[in-house]
Amino acid sequence: MSRFPYPPAATLNPDEDYRKIRRIIAEDPGWSLAIVPCLSNLCLQSIVRNFEEMPIFEALTPIQKDFVQERLSTSLPLHVTANLIGDGVYWKRRCEQRWDLCDVSHYGHSWKRLFFERHMENVIELFIPDVTEPNTVLAMVPHCKNYVKRLDISQLLPPIKEPKMEEEEYGSELASDNEYDGPSVDHFDFNILLDKLTNLEELHLVYRVKQCGMNFEWKMFEMTDRDCESLAKALKSCKNLKLLRLHQSQIEDKKCRLLVKYLLDHPSLRELDFSHNLIGDKGARAIGKLLTRSTLETLNMCDNNIRDTGAKVIAHALSKNSTLLSLNLRLNRLRDEGGQAIGKALLNNNTLLHLHLGGNEVTGPTAIALSKVLVQNDTLQSINLSCNNLGVDGGKALEEAMSHNTNLTECDIRLTEVDERTVSVINQVVWTNQRHAQERKTK
């Protein structure tokens, strides 16, 4: 007979009493043979539970910090965590809990930077003038100023319009004509913020309201004069700014000139994007002045109202400029006078690498002027003349010039009424130049 009163657990019938397979019957039904947690883990768990009241982090080892970051609540106040917990799994957890898409590669592979940049963007985008307290934004500055390098603001809300009473609608004879009882600002005032974000390098702005639905008004999609003045002064104080993109905001000549006034001699600005606005020749004159008093490397004036007069001013500045690498004037109205001026300027410019003149109503004379550039200029790498009526003669001039060019690796002449054979010959030269450029890189 077996020494044990019960058969081995592997041979027990599942229907038998569960107690028969237990070695020790404890009063606690949840008792098991699991090892008791080590004291250090119990201490770390206590730190996690009481972190808001007693934040202990710096004294921990790297392994212990990882343990705490994996378990801390993602709802802890930012004044507790911002300057105490470094970049790591904690900020990754906060980001992924808040946003569905989190591509950390766009933020220098820093989860902490991703969180604070997007958090600040959300606060600004939901700011309502004269309703939201400015301190809502300013209170964030001590926590995020070391981590915010780029702000991409996709909307700016206007003030809330109060419904008018019937007597107000028709006016009052007692009211003063000079009395102004409107909002103190038209959109968020960047003048209170930008000088405090000392590490800010990129600023992308659009003055618009997303998903406005049936409340649509054109005023929701433009920068006002007060907005412009406030932003211009703020930009001057933003000494480390390298890229400014202000597009689709109904910026016309007056606003462009005011913005440029405060950008002259900026110590670090390298890229300026005023695309998809209403800037005309007077604004282009200001841009020309900026090219002579800045170190811009990229200028995008796509889809504005610049005509031949404005193009001549930009061309004059371009002939004296030694820093600009890329110029985009696509979808303006330069016509041949403006196009020829740009071509003449490039004969005296040895730094520009990329030129875009697509959709500018230029024709053969401009193509002939640029063909002279392609023969003499050994710096230009890409040129785009698409969506212009260059014609057969313009195409032949470019073909002849390309036979002497060994540096141009992109020449876009689609939809230009150029003969197909000419297009084919030019493309062959471009492909040869591309291959030689690639060979030079690999050496």
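**Entry 1**

C387 is found in the loop between β8 (382-384) and α15 (391-402). Helices here are DSSP runs of H or I with at least four residues, strands are DSSP runs of E with at least two, and both are numbered from the N terminus. I noted that C387 is not a glycine, although its phi is positive, at about 60°.

I then turned to H276, in the loop between β4 and α11. H276 also has a positive phi of about 60° and is not a glycine. Its relative accessible area is 29%, so H276 is partly exposed.

**Entry 1: How the model is handled**

Residues are numbered from 1 along each chain as its sequence is written, and side-chain values use heavy atoms, with hydrogens and water left out. This is a predicted model, in which local features need pLDDT of at least 70 and side-chain atom pairs count only at pLDDT 80 or more, while totals for chains, interfaces and linings use all residues.

**Entry 2: The whole protein**

I noted 16 helices and 9 strands in the protein. Of its 443 residues, 44% count as buried. Among contacts between residues at least 6 apart in sequence, 76% join residues at least 24 apart; contact means heavy atoms within 4.5 Å.

**Entry 3: The sheet**

In what order do the 9 strands of the open sheet run? I read it as β1-β2-β3-β4-β5-β6-β7-β8-β9, with parallel pairing. The edge strands, β1 (150-153) and β9 (410-412), each pair on one side only; two strands pair if DSSP finds at least two bridges between them. From one strand to the next, the twist averages 5°.

L205 stands opposite L246 in β3.

Is S249 buried or exposed? S249 has 0% relative accessibility, so it counts as buried. I found S249 in the loop between β3 and α10 (253-263). The S249 side chain reaches the backbone nitrogen of Y207 at 3.0 Å. Leaving out residues up to four places away in sequence, S249 touches several residues, including L205, F221 and H276.

D273 is found in strand β4 (residues 271-273). At 8% relative accessibility D273 counts as buried. I noted a polar contact of 3.1 Å between the side chains of D273 and R245 (a polar contact is a pair of N or O atoms within 3.5 Å; within protein, one must be able to donate a hydrogen and the other to accept it, and residues adjacent in sequence count only if both atoms are side-chain atoms). D273 and C302 are 29 residues apart in sequence and 8.4 Å apart in space, C-alpha to C-alpha.

**Entry 4: α11 and α12**

The axes of α11 (residues 281-292) and α12 (residues 308-320) come within 8 Å and cross at roughly 5°. Axes are lines fitted to C-alpha atoms, for helices over the stretch in contact, and angles run from 0 to 180 degrees between N-to-C directions. The two helices, α11 and α12, are therefore roughly parallel to each other (angles under 35 degrees count as roughly parallel, over 145 as roughly antiparallel, 65 to 115 as roughly perpendicular and the rest as oblique).

Technical notes:
Buried means under 20% relative accessible area, exposed over 50%, partly exposed in between (1.4 Å probe, protein chains only).
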